[in-house]
Amino acid sequence: AYADGRIAKEGIKRLETAAKNPDKPFFLALGFVKPHLPFTAPKKYWDMHNPSKFELSPFQNHPAGAPSYAGKRGGEIVNYSPLSVENLKTDKIQRTLLHGYYATTTYTDAQIGKVTKALDNLGLSKSTIIVLWGDHGWHLGDHGYWTKHTNYEQSNRIPLLFVAPGIAQKGATTSQLAETVDIYPTLAELAGLPKPDGPQPMDGKSLLPVLKNPKKSIGDHVYHCFPRRNKMGRAIRTQRFRLVQWYNMKNPTLEPEYELYDYQSDPMERVNIASSKPQAFNRLLNILKKHPLPKKWYRAH
């Protein structure tokens with residue numbers, strides 16, 4: 001009865017068709033919806049989790065010294081009754097939301113399991129590349145935020161898993177930073193296709209060297225951006241730091257505001273150290289300058 005169940009079913013049907021033509025390459029993209037709001041899933045997935053055992057975020061405040069507009073209280077989540085900015089602060093509501101997040105994630109995990117099991121049953125596993133990723137992260141009460149739409153860690157860190165038979169090491173993990181734009185060139189190289197080309201330069205890098213050797217490094221930072229209240233937050237993340245530059249889209253002559261976080265000493269982003277750590281700030285800013293400002297900003301509607 002749920003969309004993700006139907007998506008998994010259709011995916012399996014198409015894999016069955018592909019298995020009948022073993023000499024013909026195939027590409028299949030499945031877009032699962034959950035754990036996107038609303039938190040609805042079959043009851044059995046709710047019953048798998050005990051909300052009393054969830055650990056609530058130990059830090060639920062805005063980062064000290066951060067611009068007020070950089071964070072997000074409320075937003076889309078308070079469109080769902082009976083949620084409000086105030087009751088989101090209560091333990092009961094937070095545990096209910098965590099329960100819903102875990103239930104819907106477990107439900108989607110089961111659908112993915114159906115598809116991968118079909119790959120095994122159809123004899124396609126040893127010749128099929130699989131990539132699983134999420135399009136964004138999710139605040140679960142950290143900073144007092146819920147959902148996404150920020151430039152903080154929880155909103156931008158995503159799952160990214162590759163299965164590349166004969167190439168990737170089974171069960172291996174890497175600390176190499178990656179962006180979603182890296183997926184396309186990685187898939188092309190894994191499939192033995194020509195390097196992707198187009199009318200404009202590609203920002204993505206193939207992660208194939210990292211899949212072969214998880215200790216391999218192909219870059220020292222990643223880039224991301226998200227707007228808040230007519231300000232564009234352009235950011236870079238290194239292994240240790242994140243620098244966010246808040247650029248005024250309406251008046252670009254104004255001096256940008258900055259956020260800097262050290263995940264070695266402050267993994268919960270408690271304090272903006274942009275003004276107190278000039279050496280790190282200047283080093284990160286020089287890296288950010290490698291990513292040129294667009295000639296014109298476009299706001300999404």
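Begin by selecting helix α5, residues 183-190, where Ile183, Pro185, Thr186, Ala188 and Leu190 are buried (under 20% relative accessible area, with a 1.4 Å probe and protein chains only; helices are DSSP runs of H or I of at least four residues and strands are runs of E of at least two, numbered from the N terminus). This is a predicted model, in which local features need pLDDT of at least 70 and side-chain atom pairs count only at pLDDT 80 or more, while totals for chains, interfaces and linings use all residues. Residues are numbered from 1 along each chain as its sequence is written, and side-chain values use heavy atoms, with hydrogens and water left out.

After α5 comes Gly192, which has a positive phi, near 75°.

Next, select Asn272, in the loop between β8 (257-262) and α7 (278-288). Asn272 is buried, with a relative accessible area of 12%. Beyond its neighbours within four places in sequence, Asn272 is in contact (heavy atoms within 4.5 Å) with Ala64, Gly65, Ala66, Tyr258, Glu259, Leu260 and Tyr261. If you display distances, the side chain of Asn272 reaches the backbone nitrogen of Leu260 at 2.8 Å, whereas the C-alpha atoms of Asn272 and Leu284, 12 residues apart along the chain, are separated by 14 Å.

Finally, select His36, Leu37, Glu76, His136, Trp138, Thr147 and Lys148, which line the largest cavity (on a 1 Å grid over the protein atoms alone, a set of points where a 1.4 Å probe fits but cannot get out, lining residues having an atom within 4 Å of a point).

Definitions and conventions
On a 1 Å grid over the protein atoms alone, a cavity is a set of points where a 1.4 Å probe fits but cannot get out, and a pocket is an open set with protein on both sides within 12 Å along at least five of seven lines; lining residues have an atom within 4 Å of a point. Buried means under 20% relative accessible area, exposed over 50%, partly exposed in between (1.4 Å probe, protein chains only). A polar contact is a pair of N or O atoms within 3.5 Å; within protein, one must be able to donate a hydrogen and the other to accept it, and residues adjacent in sequence count only if both atoms are side-chain atoms.
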